[in-house]
Amino acid sequence: MTDTELRASFARVRTEVGKAVVAQDAAVSGLIVALLAGGHVLLEGVPGVAKTLLVRSLSQSLSLRTTRVQFTPDLMPGDVTGSVVYDAKAGDFEFRAGPVFTNILLADEINRTPPKTQSSLLEAMEERQVSVDGTTHALPHPFMVAATQNPVEYEGTYQLPEAQLDRFLLKLVLDLPARDDEVEVLQRHADGFNPRDLGGAGVTAVLGADDITAARAAVARVGATPEVLGYVVDLARATRQSPSVKLGVSPRGTTALLAAAKAWAWLSGAEAITPDHVQAMLLPVWRHRIALRPEAELEGVSADTILRSIVQQVQVPL
């Protein structure tokens, strides 16, 4: 497939996902960007806004395997990564792979499990491998974690530490649908839509793992001028100097923004990233990478507000 054909196929992926999910185009684009950039996604939204359905629909349209894990307070690391067990028939110990050995791991309500279990994903997310009992096991390719969390419920939850939040390329916020969109959701259910039967909804595979590999190679060829790279660094430095920010964006955050901007530029048909591509990906890539000062939080200031202000203040290269 040529680059043009690949881009057209990813546009069809959005259409396929739209057969099951209504009015979440930005979230679909974010998931595609993360997949092309080799990153992971944190999906935040109240229950019932189709976070799980979104990931399942995307996986089906890409012919990828998806495993869902419901994170609970009693979930152990081995329940995610797998463990070594004794095989009585063979008379020896063997490794039994956990649900992390998949293409897209749907970590449902990841903030409901203690930090010990949350951290079991760190090696998988960063190294694409799992180490159990001194032996390293490679994960399938491609591999992506799509984790969900509820932003309004705090009882019985464990806030993700900064080190783990930094492993997510994007944080996507799924809002409640507009009235007309919610009417369409109800109409689909009235017409017999079953969210557990994506095939019945007409969601079909458009691309496969080999196509994703080819698309990633094409994304890697997208260029970046020194002026645009300097612009990304200036934006990051501005977050560190903001009086409302306790912890600004790190160099890992700048490389993450570059990777996401290159993926977005490729999807847009551009040969090199521009400030517009950088600005388009700034909020989802950085909103979870800055820590606000307590006084700013008390005043109701959000990370998105600060980042929008920084975009307006930092000079854009011509």
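The model is predicted, so local features need pLDDT of at least 70 and side-chain atom pairs count only at pLDDT 80 or more, while totals for chains, interfaces and linings use all residues. Residues are numbered from 1 along each chain as its sequence is written, and side-chain values use heavy atoms, with hydrogens and water left out.

I start with the whole protein. It has 14 helices and 11 strands; helices (H or I, at least four residues) and strands (E, at least two) are DSSP runs, numbered from the N terminus. The radius of gyration, taken over C-alpha atoms, is 20 Å, close to the 20 Å that the globule rule gives for 318 residues, so the protein is as compact as a globular protein of that length. That rule is 2.2 Å times the number of residues to the power 0.38. Along its principal axes the C-alpha trace spans about 70 × 45 × 40 Å. Buried residues make up 47% of the 318. Buried means under 20% relative accessible area, exposed over 50%, and partly exposed in between, with a 1.4 Å probe and protein chains only. Of the contacts (heavy atoms within 4.5 Å) with a separation of 6 or more, 79% are between residues 24 or more positions apart.

Next, the sheet. Five strands form an open sheet in the order S2-S5-S8-S1-S9, with parallel pairing. Two strands pair if DSSP finds at least two bridges between them. Strand S2 (66–70) and strand S9 (170–173) are at the edges with a single partner strand each, so one side of each has no neighbour in the sheet. From one strand to the next, the twist averages 20°. Angles here run from 0 to 180 degrees between N-to-C directions, and axes are lines fitted to C-alpha atoms, for helices over the stretch in contact.

How many bridges join S1 to S9? Four, and the two strands run parallel; Val41 has Leu170 in S9 as its bridge partner. S1 is also joined to S8 by four bridges, with Glu44 partnered by Gln149 in S8. Another four bridges join strand S5 (residues 104–108) to S8, where Ile104 stands opposite Met144.

S8 itself has six of its six residues buried, so it is largely enclosed by the rest of the structure. Met144, Ala146 and Thr148 are buried on one side, and Val145, Ala147 and Gln149 on the other. Helix H2 (residues 25–37) lies across S1, S8 and S9, at about 170° to S9.

Now to helix H10, residues 226–241. Its end C-alpha atoms are 22 Å apart, which agrees with the 22 Å its 16 residues should span at 1.5 Å a residue; the expected span is 1.5 Å times one less than the number of residues. Its buried residues include Val228, Leu235 and Thr239. Down the axis of H10, the buried residues fall within an arc of 155°, so they line one face of the helix; the arc is that of the directions from the helix axis to the C-beta atoms. Pro226 and Gln241 are exposed on the other side. Helix H14 is among the elements that cover the buried residues of H10.

Is Leu307 buried or exposed? It counts as buried because its relative accessibility is 0%. Leaving aside residues up to four places away in sequence, Leu307 touches Thr239, Leu282, Leu283, Trp286, Arg287 and Ile290.
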